[in-house]
Amino acid sequence: MGLQEEFEEYAEKAKTLPESTSNENKLILYGLYKQATVGNVNTDRPGIFYQKDRAKWDAWKAVEGKPKEEAMNDYITKVKQLQEEAAAATS
């Protein structure tokens with residue numbers, strides 16, 4: 001399986017992470033996903049009244065410059081980690 005296919009598989013798996021997944025971890029995944037699929041931030045930072053959008057933009061900006069393949073690998077690793085944590089919490 002190629003990196004792109006594995007990335008897409010883990011993007012689907014990320015949708016099944018428990019609701020209890022922290023916002024911090026969700027933002028890390030968001031930033032890595034955007035960097036892997038779009039590349040560097042290509043929009044202006046949302047205004048102060050848009051806290052959620054601003055947090056997502058900041059998470060994406062935090063990984064700016066990371067190559068696409070590295071962002072994909074980091075995303076896959078993070079989803080695996082969160083899956084393991086969720087499994088450990090339920091056992």
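This is a predicted model: local features need pLDDT of at least 70, side-chain atom pairs count only at pLDDT 80 or more; totals for chains, interfaces and linings use all residues.

Biologist: How many salt bridges in the whole structure?

Modeller: Seven. A salt bridge is a side-chain nitrogen of Lys or Arg within 4 Å of a carboxyl oxygen of Asp or Glu.

Biologist: Which residue does Lys-80 pair with?

Modeller: Glu-6, with the closest N and O atoms 3.9 Å apart. The pair links distant parts of the chain: Lys-80 is in helix 4 and Glu-6 in helix 1 (residues 3-14), 74 residues apart. Helices are DSSP runs (H or I, at least four residues), numbered from the N terminus.

Biologist: What about Lys-66, Glu-70 and Asp-74?

Modeller: A network of salt bridges links them. Within it, Lys-66 and Glu-70 meet at 3.7 Å, N to O.

Biologist: New topic. Is Ala-71 buried or exposed?

Modeller: Ala-71 counts as buried, because its relative accessibility is 0%. Buried means under 20% relative accessible area, exposed over 50%, partly exposed in between (1.4 Å probe, protein chains only).

Biologist: And what does Ala-71 touch?

Modeller: Leu-32, Gln-35, Ala-36 and Lys-66, not counting residues up to four places away in sequence. Contact means heavy atoms within 4.5 Å. Ala-71 and Ala-36 are 5.2 Å apart, C-alpha to C-alpha, and 35 residues apart in sequence.

Biologist: Which residues of helix 3 are buried?

Modeller: Arg-54, Trp-57, Ala-59 and Trp-60. Helix 2 (23-37) is included in what covers them.

Technical notes: Residues are numbered from 1 along each chain as its sequence is written. Side-chain values use heavy atoms; hydrogens and water are left out. Helices (H or I, at least four residues) and strands (E, at least two) are DSSP runs, numbered from the N terminus.
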